[in-house]
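Here is a short briefing to read alongside the model. Keep the structure open and follow along.

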Amino acid sequence: MTSPSSAGTTSTHSALRGSSLLLLGRLLAIGTGVVIQVLIVRYLPQSAFGAFSYCIALTTLLTVVVSLGMEQTMSRFAAIYDERGQRDQLAGAILFYLAVVVVLGGLTVAAAILGREQLERTVIQDRQSAELLGIMVLLAPLQAIDTLSSTLFAVHGRPGAIFWRRYVITPVLRIGVVAVMLMTQESVFVLGVGYVAATVVGLLIYLPQLWALLRERGVIARGTRPVLPVRPLLAFTSSAVFADLLAITLFASDAVIVGWISGPEEVAMLQATQPLASGNLVIFYALIPLFIPAASRLFAGGDRPKGEQLYATCSLWVAVFTFPVAALTIGCAAVVTETLFGQRYADAAVILAIMSVGQYLLAVFGLGGLTLKAHGTLRSLGVANVLVTAINLGVNIVLVQHLGALGAAVGTTVTIGLLTLVKFFIVRRELGMSPVDRRLTRALLQVVALTGTLLVINVALRPGLGVDIVLVVLASVLLLWTSRRDLALLHVFPEVARVPLLRALFRGP
């Protein structure tokens, strides 16, 4: 018979192992994303790149709107319905989600196309951005459907499908779009059309596989009559949307506010290095598709201690394995920015460093909010997020008026710090969990020391990118070695022990 502690360890290890494939996918995606960003930034005029970035940010916000913010709701309830064998409820939840996306997505697309001139006069105040939005607004419903497909693949233990669809096929298609734009020397509008087309092609490739999976699991079958669980879905979503409100504004409102107040050129300065800063969230986002179902299953089984172990261990892994990106984007920001994007975007280095601090905090402590969602404890988090969101918007508007894009970076990072403190309090009060254990504290102290050392070296000596990469690699190996016992890497991935060098490196004292 399996002991509770060993069962909890198994749940944690399963989530980490399953997420490793998604992590590899995100690393590939972030790599291709940086390549795409460098090509676009260097090719397009600053105003055109600003318009494109503005539309990307706005469609990200609209993706949440057209799905009513039900992405993580579906992840939670799909896992619970599958665990309990409630195929009719799962089928109904899928139908309800699709119906909402189709209706709200259609209205959103129509409003953006038919009301383009009104938007240009009142909100966007830039003709190029308004015209481009009329094309790229189609990404909102398409991305919402894509998120649902990834959720269902994750719930049914098919991370490989997510890997190929989201992290291989889509980036390859987008690189093809950028290549066509560069070879034909076309405008930013070709880029917008190409992004929409790439998303459609990706969906057409994998929707048949999703259909086959649902038939195999009995969700789509002659004997299954969908039952629409509208009330529980909307009840949870209403709380979850408030809980996600700050995250939504953090990732979408900055570019919208800067574009409204300062214009597309400042949007370009803000967004040029965004893929690099977002690299700090790669491991965190790779964990989400499997963390929420795993935590929800533990909640459904009434086993909170295992959920606490899952939360603490995953947070430690995020802190340690995100360090290389944080070191490059914070300690070496100036060298990285000027090398990749040129002297024209040199001022974006400070923005990159500030945003990366916030992204790293969000990655390390973001699992607290997901744990609250898995346990259905959202009221306190939702209320706090509404208040912090209001503060974020007010602070950003004031700072952008005086500092432009830099003001948005400062305001957002301060807000993330405030949110982190709020989550600490809520997780401890509502779940009785300690947000930061000794293992995580030790790792974070080392992260601060190592990143600070790299920053001092870069300010004093200004080494090249090659030297910085070597220094970051050495610092990362040192952090891994000193954290090897806490990570228990050889227990999660025993196959690593087959390599003598790695076995010696990660074996505990």
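Does Val427 count as buried, partly exposed or exposed, and what is its relative accessibility? Val427 counts as buried, at 2% relative accessibility, where buried means under 20% relative accessible area, exposed over 50% and partly exposed in between, using a 1.4 Å probe and protein chains only. Please bear in mind that this is a predicted model, in which local features need pLDDT of at least 70 and side-chain atom pairs count only at pLDDT 80 or more, while totals for chains, interfaces and linings use all residues. Residues are numbered from 1 along each chain as its sequence is written, and side-chain values use heavy atoms, with hydrogens and water left out.

**Overall picture**
- The protein has 25 helices and zero strands; these are DSSP runs numbered from the N terminus, with helices being H or I of at least four residues and strands E of at least two.
- Of its 509 residues, 53% count as buried.
- Among contacts with a separation of 6 or more, 84% come from residues 24 or more positions apart, a contact being heavy atoms within 4.5 Å.
- The accessible surface is about 21300 Å², and carbon and sulfur atoms hold 67% of that; areas come from the Shrake-Rupley method with a 1.4 Å probe, and for residues only the protein chains shown count as cover.

**Around Val427**
- Val427 sits in helix α20 (residues 405–431).
- Leaving aside residues up to four places away in sequence, Val427 touches Tyr311, Gly368, Leu372, Gly432, Met433 and Pro435.
- From Val427 to Thr371 the C-alpha distance is 8.4 Å, although the two are 56 residues apart in sequence.

**Salt bridges**
- The count is two salt bridges, each defined as a side-chain nitrogen of Lys or Arg within 4 Å of a carboxyl oxygen of Asp or Glu.
- Arg127 pairs with Glu131, their closest N and O atoms lying 3.1 Å apart.
- Both residues belong to helix α6 (residues 127–136), and because they are four residues apart, about one helical turn separates them.
- An α-helix has 3.6 residues a turn, so residues three or four places apart point the same way.
- Glu131 is partly exposed, with a relative accessible area of 23%.
- Glu338 pairs with Arg462, with the closest N and O atoms 3.5 Å apart.
- Glu338 is partly exposed at 28% relative accessibility, and Arg462 is partly exposed at 45%.

**Helix α16 and its end**
- The buried residues of α16 are Ala333, Val335, Val336, Thr337 and Phe341.

**Helix packing**
- Helix α2 (residues 46–66) and helix α7 (residues 139–155) have axes that come within 8 Å and cross at roughly 60°; axes are lines fitted to C-alpha atoms, for helices over the stretch in contact, and angles run from 0 to 180 degrees between N-to-C directions.
- The contact is made by Thr59, Leu62, Thr63 and Val66 of α2 and Leu139, Ala140, Pro141, Gln143 and Ala144 of α7.
- Helix α15 (residues 323–331) packs with α22 at an angle of about 145°, the axes being 9 Å apart.
- On the α15 side the contact is made by Phe323, Pro324, Ala327 and Leu328, and on the α22 side by Ile469, Val472, Ala475, Ser476 and Leu479.
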